[in-house]
Amino acid sequence: MDSQRLLWGDRQCEVCREELFCEGLFCPTCQREIDKLLYPVASRNEGYLLASMYHYDGLIRDLLRKMKFQEGRYLSRFFAGEIVRFLEENEIFAEAVSWIPMHRRKERRRGFDHAKDLAVETAKMLDIPFLPILRRAKPTRALYSLTAKERIGELKGAFEAALKEDERLWLVLDDILTTGSTVDEAAKILQEATIVNFVFLVIAR
Ligand SMILES: [Zn+2]
């Protein structure tokens with residue numbers, strides 16, 4: 001066994017399966033491809049901040065798709081690391097972590113909720129609590145195939161607040177932002193429940 005292997009163990013790049021002699025999950029080539037997709041944008045909507053870290057494209061899209069399957073669940077730890085880095089860079093000092101939940105029937109079918117995985121791992125790394133602040137009150141159809149007006153109708157009554165009158169700064173996570181309507185609806189429900197300090201952060205949009 002050569003000294004490189006002794007030092008780094010027998011590991012492979014998560015994307016290209018090339019032998020890995022560095023920290024992290026990716027070889028330098030794949031890491032560069034991932035870095036090219038960085039897309040840290042933030043917009044302030046009706047009194048709340050919505051931020052994203054990456055473009056939903058290329059390797060990021062592949063990794064997020066993989067994370068939706070049981071064998072890719074461990075990737076939530078990598079993305080949680082990215083979330084923590086993003087929060088530090090942007091001086092966002094979250095006090096509690098939550099997520100945009102999927103409907104329990106969907107969660108049962110899939111076996112887990114990958115957005116919740118992100119919240120659990122992020123909370124662990126930041127050593128702050130994670131709790132559900134939203135519940136899915138009804139299942140919704142896939143929104144990407146609907147018009148803007150249909151989306152609003154579909155989302156009406158989709159969420160309920162799971163907490164009330166909480167003053168902590170909440171970090172609310174999701175993997176992908178397809179349209180802003182889900183986040184808008186979630187924000188409305190939180191504000192109605194007097195939870196007013198929250199930041200939505202998605203991995204990619
Ligand atoms: Zn690679």
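In what order do the 5 strands of the open sheet run? In this predicted model, the order is 1-2-7-6-3, and the pairing is mixed. Strand 1 (38-45) and strand 3 (96-99) form the edges, each pairing on one side only. From one strand to the next, the twist averages 20 degrees. Strands of a sheet in general pair through backbone hydrogen bonds, in either a parallel or an antiparallel sense.

Strand 3 pairs with strand 6 (residues 170-176) in the parallel sense, over 4 bridges. Within this pairing, Val97 has Leu171 of strand 6 as its bridge partner.

The next step is the division into domains. The protein chain splits into domain 1 (1-35) and domain 2 (37-204). Their C-alpha centres are 30 Å apart.

Helix 2 brings Cys30, Glu33 and Ile34 to the contact, while helix 3 brings Gly58, Leu59 and Ile60. By class, the residues of this contact of helix 2 with helix 3 are 4 nonpolar, 1 polar and 1 charged.

How do helix 4 (residues 75-89) and helix 6 (residues 114-126) cross, and at roughly what angle? Their axes come within 8 Å, and the crossing is at roughly 55 degrees. Helix 4 is therefore oblique to helix 6. The crossing of the two is right-handed. From helix 4, the residues Ser76, Arg77, Phe79, Ala80, Gly81, Ile83 and Val84 meet His114, Asp117, Leu118, Glu121, Thr122, Met125 and Leu126 of helix 6. The contact of helix 4 with helix 6 comprises 7 nonpolar, 4 polar and 3 charged residues.

The last pair is helix 7 (residues 148-155) with helix 8 (residues 181-192). The axes of helix 7 and helix 8 come within 10 Å, crossing at roughly 40 degrees. Helix 7 and helix 8 are therefore oblique to each other. Their crossing is right-handed. In the contact, Arg151, Ile152 and Leu155 belong to helix 7, and Ser181, Thr182 and Glu185 belong to helix 8. The residues of the contact of helix 7 with helix 8 divide into 2 nonpolar, 2 polar and 2 charged.

How values were computed
Residues are numbered from 1 along each chain as its sequence is written. This is a predicted model: local features need pLDDT of at least 70, side-chain atom pairs count only at pLDDT 80 or more; totals for chains, interfaces and linings use all residues. Axes are lines fitted to C-alpha atoms, for helices over the stretch in contact, and angles run from 0 to 180 degrees between N-to-C directions. Angles under 35 degrees count as roughly parallel, over 145 as roughly antiparallel, 65 to 115 as roughly perpendicular and the rest as oblique. A crossing is left-handed if the near helix is turned anticlockwise from the far one by less than a right angle, and right-handed if clockwise. Two residues are in contact if their C-beta atoms, placed from the backbone, lie within 7 Å. Ala, Val, Leu, Ile, Met, Phe, Trp, Tyr, Cys and Pro count as nonpolar, Asp, Glu, Lys and Arg as charged, and the others, Gly among them, as polar. Two strands pair if DSSP finds at least two bridges between them. Domain bounds come from an automatic or database domain assignment.
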